[in-house]
Every structure is written in C-alpha cells, then in structure tokens.
Amino acid sequence: MEEVIKILEQIKPGVDFNTEENLIEDEILDSFDIVTLVAKLNDEFDIEITPADLVPENFNSAEKIYELVTRLEEE
Amino acid sequence: MKNLIKAFIFIIILIIIICVLNRVFSPVGSSEGGWYVAGAMRDIYKQQKNSIDVLYVGDSNVYTGISPLEIYNNIGVTGFSASTPQQDIIGSYYFIKGFFKRQNPKVVMLETGEFFTLRENFTELGMRSEIDYMNSGFDKLDILNDKCLNLTFAEKLSYLFPVIRFHDRYQRLTEFDIRKLVQNAEISYKGYLYEFKTEKYKNKSKNNYKEYKKYEEEHKKKDIEKLDLKIPEYIDEKIDLLIKLCKEKNSELVLITMPVTDDRAIEKHEVIKEYAKQKGLKYVDFNMEIEDPINWETDTQDKGDHLNIRGAEKVGRYISKYLSENFDLENKKEKPEYKKWNESLQAYNERKKEDNV
Amino acid sequence: MLINSIEFIIFLFVLVIIYKLMPKRFKWVVLLIASYIFFALNSGKYTVFIILSTLSIYITALKIDKIGNNASQKAKAIENKEEKKKLKNEAKKKKKIVLIIGIIVNISMLVILKYSGFLIGEFNHLFKINIPVFKFLLPLGISYYTLQAISYIVDVYRGKIKAEKNFGKVALFLVYFPQLVEGPIGRFDRLADQLYRPNEITYKTITYGSQLMLWGYFKKMVIADRVAMYVNYVFENYTEYTFLIIILAIVGYTLQIYAEFSGGIDIVRGASEIFGIELDKNFERPFFAKSIDEFWRRWNITLGAWLKEYIFYPISLSKVSLKITSISNKYFKKSNLSKVSAVALSLFCVWLGNGIWHGSGWKYIIYGMYYYVIMMLGKIFAPLGEKIIKILKIKTEVFSYKLWQILRTTGFVCIGMLIFRADNLKIAFSMFKSIFKVNHLERIFNGEAFLLGGIKVQDIIILIISSLIMLYISIKQEKGMKVRDTLAKQNILFRWIILYGVIFSIIIFGIYGEGYNVQSFIYGGF
C-alpha cells in the first residue's frame, strides 16, 4: 500500500492520496497519469495490468489501486 | 389527467398563434409587390348566403375589368368576381366548386385569359393567391390534393401553413400585415379592384373589332387546325368537370374573353369559339363582337395590360346587355334583403364621382 | 429523413404512440423496427451493411463467450495451478484471434465504403497507375455504429459485459435511430438495459425530451444555419478577403459547427429521452475549456472516450509502448520528458484515428496531427510554463487568467476548424496567411464586411441575441443549473412564454424553406 502511494506521489505531487476517493471523476488523475502509473505498477510489482482493468472503479483511490495490484499478483 | 389538460391547452394556444402568424406572414393581400391585388376578393366568404346570381371567374383581367357593382347599377343583377392574379383553371374550378356550397349562381362566367397557359408555366404568385384565398379548410384540401398540381407533402404543408413558406417576411412586415388581421375589407366592391389611373397603350389605334372584321374577310374559310394554338388537356378536363358541375346545380357556364391588346387575340378567339361550339357552351368575346370598342388611350391603367375604371364601365355595359338578352335574371334593387348592396353601390358611385368618372 | 425535417417530427410522433400502446414485452421490438425503417429510408440497399455488421459482432461475441466458458469449465476440473494458467492463456489467445477477426470485418467495411476512394486515388497517384475508383454512398451513421460495434466485441472480450444472446437486441444496440445521425457513440453497458426494458412514456419524458429537442432546433436553425450563410460565402471567395473578414468567417464557422453539432445532439438526445432512454452526453460546454486536453474532454465526448478506451489505453499498455516507457524512464529519469514519451506513440495513434475518422483525405490527417502536435508541445513545455508563471508571479486563480486560458484554447480550436472547413490544405494555409494582411479597411467601417453572403442587419441582430442566449444558458449550466428542472419550477405563464418564444423563434427566424429567395418570385408576373 505504501509503495502505491509513493508511486502516486511521484506522478502527482501535492495530493493527499490517503484520503482522496475520487481520483478519476474529480480529474485528479488524467489519462496520461494513468498510463504512467500503470507502467510503474507493472514494473514495480511485476504484474500485467490490461486495458480491461482500466476502469474508474479500479483507480478511484489508493486503496482501490492496491486492491487491483494484489488481485493481479495472486493470479 | 391534469397534465393532459395542460398539454391540450398548450397545443390549442399554439395552433391559434400559428393561425394568426399564417395570416400575418402570408403576402397575399399584403402591401407587397404583386401580391397586393389578391386582396380584392377578401370578402368572398362573407357574402350573404344564396345572394349572388352571377359568378365571374378568372385572372387579373377579371378583377380589373369586371365590376359587379357596375352591372348591379345597370340591371340590378348581383354578382361576385372570384378572380386572383394569374388564376389557372384549377384554381377557377375549385373556386366555383366551393362557391356553390354557399351560393347558387345562375350564371358562371369563366374568363379565357389563361386558356393557353401550359401547366409548367404556373407561377407561385398565381397558385398562392388562389389557394390562400380558399379560406375554408376543405376547399383548400381539395385543391391541394388535385392530381394536376402534383404537390409534394412539404409543398402542401406550406400552402396550409403559409408561415412556413414566408417566415422570412419578418424583415419586411409592415403595419398593413397586422391590420389585415382585424379589418374586414375596407369597402366591398364585390371582388373588383378599383383603379382610376390611366397609362395609355403605345399603339393607340388598336381596334380589335375592326381588325377582326378585316380578318374574317381575308379568311373566309377558317382553318384553325393550322394554328399552333391549342387548349391544353388539363384545361379541357377541368372544363368538362365544370360543365357537369354547373348542370347539376342548374347553372350555366359561359366562356368570356376580356378586352386585350394581345397580338394573337384573333387567333385565340377562333380557337375558343370552335372549342365552345364543341362543348355546347355560350361564348362571348368582348374584343371582336362589340362595335363600341375599348379606347386603349383612356381605358387602360398600365399601357394595355389591364383595364381601369373607365374600361370596367364599358365592359359592365356589355355584360349587362348580354345578361339581360340571354338570361332571365331578377332585378334585386328594390328588394329589402339587398339593402347592403345598395349601400355598397352608393359608396362605389361616390368613389367614382370623386374621380370624375 | 433529416432530423430537421417535418417528416422526422411525424415519424417520432407516430412512434411515440405505437411505443406507448405496445405491450411491455414488445416495446423494444417497436424501437428495432422503427430504427430499421429510419435506416432504410436513408440508406436504401446499403442497409445490408449494418446487418452484416450486426451479424459479425453477434457471432464474434458469442464465440468469445463460449471460448471463455469452455476454458473455465475445463479449468474447474484441473487442480494444477500451472496447467490452469496455461489453459487460461490458451483461451485468451483464441479469444483474441476471434476478436481481431471481428474487428477486421467491421473496419474493412468502413474502409471500403468510406476510404477506398481516397486510398485508391493516392495509390494510383503514387504508382502512376489507374485502378478505377468506386464511389459509394455511405450507409447512415457508419462511422458511429462501426465504433459501437467494435466497442461491443472488445467489451465482451475484456469481460466487461456478457455477450447478448438475442440477435434482435444486438441489432437494436447498433441501429437505434437517434444515435445514427451524428452520435453520441453509445456503449453497451450503459445503453443496452435502457433499450430493452419497457420504458414508460410520461408527461415528464415528453416535455423534457421535446424541450431539449427544441433547444437543439433553435441552435441548429436559428444560429448555425444563419451564420453558415456568411461562412460559406467567405470560404468560397476567400481570395478576396483579408484580416477581420477571414477571422469572422473562421470564428463564425466554429460557432456554426458547435451550434449545429451540439444542437443535433440535443435533438437526438431529446428524442431518445421521450422514450425514457438517456444517451451519453456528447458536449459539455467545450468553449469553457482552459486547455486543449480539456476541450477534447468536453467536445464530442463520446468519440474522445472511445479513442481513449479502445486506442489510447491498449496502445499505451502494449509491449512496444511499455518498452519505450521503461527506456525513457532510464534516460530522462523523473523529468517531464519520460512522462511525455510514455504517451507519444499512443497519442499519435489517437490523433491519427481522430483525424481519419472525421473523413477521408489528407486534410483530416493533418487536422488530427495538428492537435497531436499542440498536445505534445503542451506536455513538453508545461514545466517551462509553470516556471514562467512562478518567476513573473502571475496569479492563476483570477478570472483574467482563466479568460486568457479559455481564449487561447479557443484560438487553437479555431485554427483547427479552419483546417477542417477549408477545401484543402493549401486554401487553409492561404487563408491563415491573409489574416495578417489588411486591405479594404473601409469595408469594416461601412459595414460591408459584415453583410456578406446574404446576411442582413436583421440577421446580425438575431445572431447576436441568440448567441448571447446560448452563452447565458451555458454559464448557468457551468454553475450547475439544470435548465429544464429550473424551468419546470417556474409559474406556468412564464414557462409557457419561454416555450412559445423558442418555438416561434424557430418558426420565424429559422433558416429553412425556399423563403430565402422569395424576392425573386414576387415580381415574376402580374
């Protein structure tokens, strides 16, 4: 979880990712950020996030992102 | 339920406003250009029921040349001129048909000025003027659905709702367009468009009567087959319908030709004369058969195209004479039901007096 | 049948009655039949293409689902984790092949019908040969429904939705008539349920729907078609004009296309709303955007979203792209450039796709590339801009700065529109140059500059007033007002005055019918 937040802060400094729960709808992360984020997550956790996973529900908060990562790690 | 009523009221108001806009935006009878003249017959549907004995139908030559009040003045016979600019036979047919629903004219005089007009030469001015004046819904639907006109759905719609066609007139609306909503025809001349102005014909010596006499001598043996003038089929069809209609209504259809300066007037006369004979119709041509001819120096308002009031007076005399010689029509002058007619006549005569006619 | 025709209104009216009277089970069938009638009236024998498209995605989706189901059933029986994974990967591969076939079928129909003329022409030009070019008429909305078709099978592939087993229902998803004219591009997950369930047509759906339609007609007929008179004239005679007139024509065209496109969308969304079916929004006041990115999130939204989901993300996450990203990460470290290079390829594909989608021809490709370059430059120089703002102590939260951002964005968009509207690139470029030339200044001062192409003073007044109304409503919406809700709360008198006002503005001030050459008739004869 901490690692996820660290990556997020690299991408978009100055946002409190512990509390934000609407990263996509509030347009805090745009599609470019998402792409950067996914590339980093893939590298960091050795997973493969596919376009099918790119839905707002998976990226709206740091927690949601972490859930996605753990799910993919298990597979 | 409440909503249904609301919607209903909303639509009723919408329709009312659209009807008002139709009147305002239609140029027919407005102050605009050539459209203005159609205003002459504005009160055709306001005439007392079964009060008209003679119906005159035709194009601009009729409403500028036949003044029913003139004839009423002479012999007390009531008439109305249901004529609009460039009126084609289709318009004439439906005018007559519609007229019979409210009136019972003994004589229907159909002018032949448009007898050689081809179907493809109909003008919008002509069609709009006649159709817009068919006030009551069903006459209008009748003519719109006539096969000969061959109107598309959108065109029909635009005839029913002239605002669709003329909405851009918002740039040219005058107070006249608003006034025509509330005002009845100012003074009813029974479809006659009064004009006093004179503009003489350039060829002052025009005398159809003399020319025709000369022609008759030269062509003892008439050979109209050789002429390239032909009455189009669509006109023939409608004439047949009219003959049938008039027979049903115990009325007589008469073809008339108004005085013209047309170079081919004689040839046209020959063709129509022959045609009338075939159909068993009376035909009277005010060009060739009357010795006291129109004076094209004083009797025309626009260099020989249309007659003015002086011309109309003369034509009125011919028609009066013709009607009393050929038909047994009642003199209504003394009848109390026709008080209104006498009032109209008085106003008409006063107008003439003002103009020193 | 155009959506701004009386026939469309009658069609809709009859459809509402039939839909309302139909038993619940058949309501969606009514929509299907009506949509096919609508389609066939417009496209005639080309209707066969949408049927082919429907058939292809119907089969593709079922096949994909079947492969998936078979694999998971087999997987249940297997204990070994490794083997399970292998089985899954095999299934995935198979599914992918089926998907790609499905996509190719749909794309090739689009390419043959829409782009073959251009492609063959270029090919002939390149190799100095002469392959005959077929001129096809386009089936109605092919650019839209093809994208919908692809999104459907991709979504099934991704497991986002289940394949629909009823062929008629798949057909309705593609052919649903309001979205055929100019979008919005619907998605199965949001649209399908609404289409198939029996919707209740109520007083509210009728009034709300027709109000939205009215607003659309107003924008289209009063604003767009009017300003088009000026725009068309100047673009036709562009060599004669410079400076202000060219600027007016370009800005006018931007206004025209916005009013026309968003108006058209309002009409079809309104029509759909009557049936209780809400189509996706396609516009969200694009001219309040403060950047080009934002503009494209507000303009033709459903196209942008489609490109994002089905081109941008897949390409960004493709092996090639990821490789570029990890390499650039090493080189540029945390700098902005690593972020930019990560999307360089996928963004290129998006804008190429966007350009080509708009039409066949080089100018559309350039149109796409124009936005690509602007966006990339924007990304590259973003940190620089921030630095400048810091150094100069520019306040960014004030109105004037926001206005500057909006105007800057609009300026870029207008230039894009110039490329889009001009007959070819040469003309676009030459018009762009003549903006900076000034001659015949007197035309501006004697008003001649504004009265081109049959525009009269009255038209200018109407344009100004109606554009201000549009602006006013946009500002209110931007602040969160729901126009129709607000209107519904007003007293009946005020509400009706507004509605009659809109209706009669359209009837009287709309540009339609032959009225615009009445003058020539009137003196035709007496």
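Predicted model: local features only at pLDDT ≥ 70, side-chain atom pairs only at ≥ 80, totals over all residues.
**Stop 1: chains C and A**

Show chain C and chain A together. Their contact draws on 22 residues of chain C and 21 residues of chain A. Between them the two chains bury about 1,700 Å², with 69% of that area on carbon and sulfur atoms. Now select C:Tyr313, C:Leu317 and C:Lys339, which supply 33% of the area that chain C buries against chain A, more than any other three residues.

Next, colour the helices of chain C. Colouring by residue class shows nine nonpolar, three polar and ten charged residues on the side of chain C that touches chain A.

How many salt bridges cross the interface of chain C and chain A? The rule finds zero.

**Stop 2: salt bridges in chain B**

Over all chains, the structure holds 36 salt bridges. Select B:Glu70 and B:Lys352, which form one with their closest N and O atoms 2.9 Å apart. This pair links distant parts of the chain: B:Glu70 is in helix 3 (residues 68-75) of chain B and B:Lys352 in helix 14 (residues 339-354) of chain B, 282 residues apart. Both B:Glu70 and B:Lys352 are buried.

Move to B:Glu124 and B:Arg128, a salt bridge whose closest N and O atoms are 3.2 Å apart. Both residues lie in helix 5 (residues 124-133) of chain B, four residues apart, about one turn of the helix. B:Glu124 has a relative accessible area of 12%, so B:Glu124 is buried. B:Arg128 counts as buried because its relative accessibility is 1%.

Then select B:Asp299 and B:Lys314, where the closest N and O atoms of the salt bridge are 2.6 Å apart. B:Asp299 lies in the loop between strand 5 (282-285) and helix 13 (309-326) of chain B, and B:Lys314 lies in helix 13 of chain B, so the pair ties together parts that are 15 residues apart in sequence. B:Asp299 counts as buried at 2% relative accessibility, and B:Lys314 is buried at 14% relative accessible area.

**Stop 3: a network in chain C**

Finish with C:Lys281, C:Glu284, C:Arg285, C:Glu294, C:Arg298 and C:Glu478, which salt bridges with shared partners join into one network.

How values were computed: Residues numbered from 1 in each chain as written. Chains lettered and ligands numbered in written order. Heavy atoms only, no water. Contact = heavy atoms within 4.5 Å. Buried area = accessible area lost by both parts, 1.4 Å probe. Salt bridge = Lys/Arg side-chain N within 4 Å of Asp/Glu carboxyl O. Nonpolar A, V, L, I, M, F, W, Y, C, P; charged D, E, K, R; others polar. Helix = DSSP H or I, 4+ residues; strand = E, 2+ residues; numbered from the N terminus. Buried < 20%, exposed > 50% of the residue type's maximum accessible area, 1.4 Å probe, protein only.
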